Amino acid sequence: MADKFKPVVSKANLWSRRSFLRFTAVSSAAVAGNSLNIKDALAMHSWTGKTDFEQYPYTEKLIHRPKDGFLPDKVVNSGCSFCPSNCRHKVHIKDGRVMNVYGEPDDPVQDGGLCAKGQSIPQLLYNKYRITKPMKRKGSKPSDVFEPITWEQALTEIAQKLIDIRDNTPEGAKGVAAKASGRQTREVGAMQWRFFELYGSPNTTHEGYICNDAGGIALGMTLGKGGQTNGYGYDPITKTEDLGDSKYILWFGTNDAECHPVLHSYMKKRKNKAGTKWVVVDPRFTMTANGADLWLPIKPGTDMAFIYGMLHHIISNNLEDKKFVEKWVAGFEELKKFINEKGYSPEWAEKITGISKDTIKKIAEDYAKTKPAAIITNAGIAHQVNAVDTFRTLIFLSAITGNIGIHGGGANFMHNSPIGVSLPPIKIPLNPPFTKGGVGGIIEAGLPPQPDYFVRAVNTGKPYKLRAIFYAGNMLTQNSNTKEVEEALKKLDLFVSFNLFPQEDTYYADYILPTTTFYEVDHVGVRRCDRGIRWRNKCVDPIGEAKNDPDIWIELGQMMAKLDKKNPPEYWTENLDIKWKDKKYLWNQVSPKNNPTAAGMTADRMDKLSVPLRWPCPGTDHPGTSVMFLDNPKWKDIWGGKRFPNAIDKVEIYTKELDDKLKPTGHSALPEFYTSPENMDGHPTLEYTDEFIKSPTVSNTSGGNLIHKVKIGIKPDEKLRKEYPFQLITGRNSALHFHTITHWAWNLTQISGDIYAQIHPKLAEQIKVQTGDFIKVETPRGAMEMPALVWDGIQPNTIFIPISFGNKQKVHQDVERRIWDTVNNLTSNVYYDTLSGQQGYKAYLCKITSIPGKRLVEKKIVKQ
C-alpha cells in the first residue's frame with residue numbers, strides 16, 4: 001500500500017476564509033441594520049404546555065445598530081474556550097450590548113485572528129433559545145414541559161435532595177456524581193471539587209476524561225509533571241519561538257488545522273519561515289495533512305506499533321542521544337531489551353500499521369538526526385483504549401533522542417493542562433460530628449472517572465449505584481452508547497443540567513440551571529496546548545437570571561450551610577467562601593498564595609498582557625515558562641532543585657518501582673502492543689475483568705478512583721470481526737463546530753449542518769454508492785443512516801463519522817437543515833483506557849450497506 005495517497009480536492013468543496021468572512025459580514029450587517037430581526041431570521045419554536053422555555057427567550061435583535069454609527073462605547077478584552085488556542089477577543093460594546101468582536105493584534109501568535117466559532121459567540125449570547133431562568137421539569141422523563149422557578153427554590157430543593165441521598169440511601173454521598181466542562185470558566189473545577197470533598201463524594205470529574213487527559217497522565221508518570229513540554233510563541237527564557245523554531249514535527253492523530261485554526265495558522269507561518277518538515281500520521285487526509293510534507297494513512301489504533309518500529313530502528317542503529325540518555329533517562333537498557341525480545345521491528349510494524357517498513361525507518365532516521373524535533377498529538381491517540389501506554393511510548397521516543405527540555409522539541413499532548421484555581425486547605429470546624437464520608441470522615445474510592453462510567457453505574461449498580469448526576473455538557477451527544485444513556489437518565493433520582501440551551505439531555509433533567517457565556521463574567525481562559533492562561537473581563541451583564549457556573553456551586557454550598565443539620569454552617573461557608581465569587585479577588589489574593597508555582601499569575605498582571613502567561617510562573621518578576629524541564633539551575637529551583645520532579649529526577653521509562661505499581665492493574669512500565677477489542681485485523685487487545693482495583697495513576701479526590709483490572713494480549717472476537725468487517729472512527733466535522741453548542745449558532749449551522757460518512761472509493765465501489773447516496777452504518781450497539789462522502793483521503797477500510805450532531809438541534813430546522821442524530825448511537829461505553837479513565841471513542845467495528853434510491857441533494861432528502 002502506498003504511504004501517501006494523493007486525494008482529489010475539488011475546488012468547489014473548498015470554503016475560503018475570504019468567502020466565509022464575506023458571508024458573515026453581509027449577514028451581520030443585515031442584522032445590525034435592523035433589516036433582519038432574529039425572529040424573522042429564525043422561526044420560533046413552540047414548546048408544549050403553558051409553562052415552557054419559549055415564554056422566557058431572549059428575542060431581541062442579535063446585534064443592534066447604534067444611532068450614532070458603529071463606534072463602540074468601549075472595547076473589552078475577553079476570550080473564547082471553544083478550542084485550546086485561548087484567543088483574546090476585543091469585544092466592542094455599544095449601549096451595554098455586544099456589537100462586534102475582533103482578535104488581539106498585539107499577540108504575535110494570534111496575530112489578530114479569530115476563527116468562525118469565536119465570531120459566533122454573540123449569536124449564542126443573544127439567542128432566542130437561551131435558558132434565562134432556573135427551570136423545573138413537569139411530568140415524567142423525557143419532558144418538554146418545564147416551569148420557571150426562583151434560584152432560591154432551585155437551590156433549596158437540590159440541597160434537600162442531596163442531604164436525603166447522603167443520609168438515607170445505602171450509597172450515601174458517593175451516590176452523587178458531577179462532571180464539569182471546558183466550556184465553563186476555569187474556576188468551576190475548583191469549586192465543584194471543593195463542594196464534593198465537603199459533601200463526601202469522590203465522583204467529581206471534568207471534560208478531560210472525554211477529551212484528552214490521558215496525555216497529561218502519561219507525562220506525569222514519565223516526567224514528573226503533566227503539563228505540555230513546550231510552548232507557542234516567543235519565549236523570553238530561551239529567546240526562541242520554541243515550537244515555532246522546531247525543524248521537524250511529527251503530528252499524530254490531530255487535525256490541528258481545523259480544531260485549533262488560529263494556533264495552527266501561527267505554526268504554518270513558522271513552518272514556512274523555519275523550513276520545518278511536517279509528517280502527519282492519521283487515518284484521514286485532514287487539513288493538517290494537506291499542509292504537511294508527508295501524510296501516512298495509518299490504520300486506526302496502531303500508533304503504538306508505528307512508534308515501536310521507530311524506536312527499534314533508532315536503537316538498533318545507535319541513533320539515540322547517548323549523553324542525554326546516560327544522564328537523564330532511567331530504563332533505556334530495559335527498553336532496548338524489551339523491544340528486541342518482542343520483535344517490535346519496522347518489519348513487524350508494517351504488518352500492523354499498513355505503513356511500509358522503509359517509510360518507518362526513514363521517519364525514524366529523520367526524526368533522530370534532526371534537532372530540535374517535536375511531537376504533537378491529540379484525541380486521535382487520547383480516544384484509544386491504549387492511550388496512556390501509547391503516549392508513554394511517544395515520550396520514550398522524544399527522550400532517547402534528546403528532545404526533552406529543549407526549545408522546539410518535546411512531547412506535546414494537546415488539551416491537558418495543570419492550571420486552575422488553587423484554594424486554601426479545608427478548615428475543619430472545632431465542633432464535630434461530621435457526616436460519614438465528609439472531610440471529617442473517610443471518602444471512599446470513586447468510580448472510573450470518565451462520565452461514560454457514570455451511566456454504567458446507574459444502569460448496573462456496579463461497583464455501586466449512582467442516584468444523582470450534575471452535568472455540564474450534553475450527556476446524550478458526548479457519552480457513548482446513546483440508548484444506555486437514555487436508560488440511565490430515566491432512572492436517576494436527580495439530574496441537574498448546567499446549560500445555556502434546551503438540548504438533548506435537558507429533556508431528562510429535574511432542574512436546568514441557566515449559565516453564562518464567556519462574555520458575561522470575569523474569568524481566566526487556558527491555552528491548553530502550552531499552559532498559557534489569560535485574564536478575560538466581563539463584557540455585558542448576564543442575560544436574564546443566568547449565573548456563572550462556579551458561583552452556582554458556591555451558592556449551593558451556602559444553601560447546604562442552612563439545611564445540613566449534621567455539620568455546622570461554617571463547615572460550608574468557610575470552605576466555599578462567598579468572597580470567591582469575585583474572580584479578581586480569587587486570582588489576585590487567593591490562588592497565588594496557595595500555589596507557589598503560579599504565584600506570579602495574578603488577574604491584575606494577566607489583564608495587562610497581550611499574550612498568555614505560561615505556567616510555571618513562581619513570581620511577578622518571572623516571565624512564565626515555555627520550555628519545561630530545561631537543564632539550568634534557575635529552572636530547577638521551581639521543583640526543589642530537580643529537573644524532573646519525580647523521585648529519581650530522570651525520565652522514568654522503566655524502574656522496578658513503577659513496574660510494581662502498575663502490575664496490579666494488568667499494565668506494566670514497558671507496555672506490550674495492544675489495541676481496541678474491535679479492531680479489523682485481529683491484533684492483540686485487552687479484556688476487562690470484573691475486579692475493581694484502586695487506580696495508581698488517577699485520583700480525582702482524596703478517596704482515589706476505582707478502575708477495572710485488565711488482561712492484555714487477548715485475541716479479539718473473530719465472530720464479531722466477520723460480521724462487522726470495517727473500522728469506524730469519529731472526530732470533529734469541520735473548523736466551524738466544537739460540539740453541539742456551536743449548532744446553536746445559525747451561521748455555523750447553515751454552512752456546516754450535515755452529517756456524513758467519509759468512505760474510500762474502493763469501499764464505495766464495493767457497495768455501489770456515490771457521494772450523496774445514503775448508506776446504513778451498523779455496529780453491535782445500533783444503526784444510523786446518512787449520506788456518504790466518497791473521497792480517497794482516508795485509510796481504505798476505514799469509515800469516518802463526525803461528532804457534534806444531535807436530534808434536538810432546533811437551529812437546523814430554522815436554517816433549513818435536516819436534524820441528524822449523534823454518532824454515539826454506534827459507540828460503546830465499555831471500552832476505556834484504565835490508566836487514565838479516558839473513554840475510547842475511536843476504533844469500532846462496523847458494517848455498511850447502501851440504501852437504494854435515497855440521496856441528499858441541496859440539503860434535502862429526495863427519493864429517486
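Biologist: What covers the buried residues of α5?

Modeller: Among the elements that cover them are β6 (176–179), α6 (188–199), β16 (468–472), β17 (494–499), β18 (511–514) and α21 (549–563). Contact means heavy atoms within 4.5 Å; buried means under 20% relative accessible area, exposed over 50%, and partly exposed in between, with a 1.4 Å probe and protein chains only. Helices (H or I, at least four residues) and strands (E, at least two) are DSSP runs, numbered from the N terminus. This is a predicted model, in which local features need pLDDT of at least 70 and side-chain atom pairs count only at pLDDT 80 or more, while totals for chains, interfaces and linings use all residues. Residues are numbered from 1 along each chain as its sequence is written, and side-chain values use heavy atoms, with hydrogens and water left out.

Biologist: Which residues of α5 are buried?

Modeller: An α-helix has 3.6 residues a turn, so residues three or four places apart point the same way. In α5 the buried residues include Trp151, Leu155, Ile158, Leu162 and Ile165. The helix covers residues 151–168 and reaches 25 Å from its first C-alpha to its last, close to the 26 Å expected at 1.5 Å a residue. The expected span is 1.5 Å times one less than the number of residues.

Biologist: How is the packing of α14 and α15 described?

Modeller: Two packed helices are described by the angle between their axes and the distance between the axes. The axes of α14 (residues 346–353) and α15 (residues 357–369) come within 8 Å and cross at roughly 115°. Axes are lines fitted to C-alpha atoms, for helices over the stretch in contact, and angles run from 0 to 180 degrees between N-to-C directions. The contact is made by Pro346, Glu347, Ala349, Glu350 and Thr353 of α14, together with Lys357, Ile360 and Lys361 of α15.

Biologist: Which peptide bonds are cis, and where is a positive phi found?

Modeller: Most residues other than glycine have a negative phi, and most peptide bonds are trans. A cis bond joins Lys141 and Pro142, with omega about -10°; Pro142 is in the loop between β4 (135–137) and β5 (146–148). The bond from Lys371 to Pro372 is also cis, with omega near -5°, and Pro372 lies in the loop between α15 and β14 (373–377). Asp95, which is not a glycine, has a positive phi of about 55° and is located in the loop between β2 (88–94) and β3 (97–103). Asp111 has a positive phi near 55° and lies in the loop between β3 and α3 (116–119).

Biologist: Is Asp111 buried, exposed or partly exposed?

Modeller: Asp111 counts as partly exposed, because its relative accessibility is 44%.

Biologist: In what order do the five strands of the open sheet stand?

Modeller: The order is β12-β11-β10-β14-β15, with parallel pairing. Two strands pair if DSSP finds at least two bridges between them. At the edges stand β12 (294–296) and β15 (411–413), each with a single partner strand, so one side of each has no neighbour in the sheet. From one strand to the next, the twist averages 15°. Five bridges join β10 (residues 248–252) to β14, and Trp251 stands opposite Ile376 in β14.
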